[in-house]
Amino acid sequence: VGAEKINTDIVTLTRFLTEEQAKHKEATGDFTLLCHALQFSFKSIAYYIRRATLINLTGLAGSSNMTGDDQKKLDVIGNDIFIAAMKSCGRVRILVSEEEDEAITFSEHPAARYGVVCDPIDGSSNLDAGVSVGTIFGIFKLPEDAEGTKEDLLKPGTELVASGFTMYGASAQLVLTMKGGTVNGFTMDNALGEFILTHPDMKVPKSRAIYSVNEGNSLYWTDPIKEYVNSLKYPEEGGKPYSARYIGSMVADAYRTLLYGGIFAYPADKKSPKGKLRILYECAPMALVFENAGGQAVDSNMKRMLEVVPEHIHDRSGIFMGSYNEVQKVLDVHKKY
Ligand code: P6P
């Protein structure tokens, strides 16, 4: 090996979780076991996503035994993998998935103390175009008197004990944050089969001239949003216009915003009065990540996203999230209305 020093002190997600647990004397290890089941589901989903293009587009031999029955859509496979992992770890009482109309109660584990919300494959419509998709998740700790019903999960994001997302891009990137904690990024090393800590203590830049919104909806936007976006595109004398970056896959737009800064927005508008993105398993988990990374996240009423309480498990919301100062600009425009 050349003069450069090989880093032999690798922090895997497994080691990270062990060290996290050691910080909490009262920890029983349940949360750690739940996170190991989570990481297994991300590894499995990553595998199928890599294969999906080949199998879907070429019917590559062996696709039939992938599910034992006819070729399932990737969303369904991702959902099945996620449910199986959460059920088998024995630490989850109740699960809400974007793919399931009703909450799933694991009656086999009445004493389990956690509830999980997830979107197993967010942005899957982009898959055939090779665009990065992802899994978004949130973890709630259930109160002692929890009934194991969906009411246990109709909570504000401030009650999340952890959240994050995995983006299946060139490699699988996991972003994980705990309540009151830092944001840590892990990159999947396929040779080791481990998530490696590559982005410790991620902080979103306070400002960045990048805006990420589907301008195809501008016909339906409210006046404050029109004024806000125009102020970025047509700055006052001497100002430089913002760059537009919109992938149309929330995890990909979120990951870029977390790394580079800027603002991601999916406003509620006349076409989608409640917005498009889901509170429980898209907006709230992302809002916890951005707040813990030093950013902000608000809904279309300019209310702190983490304080929004869904009435139903699939409720939607408008969302603005990203650099602290960029979200502040949206808040400031709304103060004029
Ligand atoms: P639009 C993908 O379908 C998704 O749920 C999110 O991942 C993404 O941010 C959004 O919808 C894109 O929506 O209306 O811009 O295509």
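This is a tutorial dialogue on reading a predicted model.

Me: What is the mean pLDDT of the protein chain, and how does the model score overall?

Reply: pLDDT is the predictor's confidence in each residue. Here the chain has a mean of 92, and 93% of its residues reach 70 or more. For the model, ipTM is 0.95 and pTM is 0.94.

Me: Over which residues is the pLDDT below 50?

Reply: That stretch is residues 57-71. Beyond near neighbours in sequence, residues 57-71 have 18 contacts in the model.

Me: Which strands pair with S1, and in what sense?

Reply: Two strands count as paired if DSSP finds at least two bridges between them. S1, residues 92-97, pairs with S3, residues 114-122, in the parallel sense over five bridges. On that side Ser97 is opposite Cys118. With S2, residues 104-105, the sense is antiparallel and there are two bridges.

Me: How many residues lie between S1 and S2 in their hairpin?

Reply: Six residues separate the two strands of the hairpin.

Me: Is S1 mostly covered or mostly open?

Reply: A residue is called buried when its relative accessible area is under 20%. S1 is mostly covered, with six of its six residues buried.

Me: Which residues touch the most other members of the largest nonpolar core?

Reply: A nonpolar core is a set of buried residues of nonpolar kinds joined through side-chain atoms. In the largest one, which has 44 residues, they are Phe82, Met86, Leu95, Phe137 and Leu176. Helix H2, residues 30-58, gives the most to this core, with eleven residues. A second, separate core has 43 residues, including Leu153, Leu160, Val308 and Ile319.

Me: With which residues is Met86 in contact, leaving aside its neighbours within four places in sequence?

Reply: Met86 is in contact with Leu34, Ala37, Leu38, Val92, Leu95, Phe106 and Val116.

Me: What is the phi of Asp201, and where is Asp201 placed?

Reply: Most residues other than glycine have a negative phi. Asp201 has a positive phi of about 50 degrees, although it is not a glycine. The residue sits in the loop between strand S8 (194-199) and strand S9 (210-212). Asp201 is partly exposed, at 40% relative accessible area.

Me: Where is Met302, and is Met302 buried or exposed?

Reply: Met302 is in the loop between strand S13 (296-298) and strand S14 (316-317). Its phi is also positive, near 65 degrees. Met302 counts as buried because its relative accessibility is 17%, and the cut-off is under 20%.

Terms used. Residues are numbered from 1 along each chain as its sequence is written. This is a predicted model: local features need pLDDT of at least 70, side-chain atom pairs count only at pLDDT 80 or more; totals for chains, interfaces and linings use all residues. Side-chain values use heavy atoms; hydrogens and water are left out. Buried means under 20% relative accessible area, exposed over 50%, partly exposed in between (1.4 Å probe, protein chains only). Helices (H or I, at least four residues) and strands (E, at least two) are DSSP runs, numbered from the N terminus. A nonpolar core is a set of buried Ala, Val, Leu, Ile, Met, Phe, Trp, Tyr and Cys residues joined through side-chain atoms within 4.5 Å. Contact means heavy atoms within 4.5 Å. pLDDT is the predictor's confidence in each residue, from 0 to 100.
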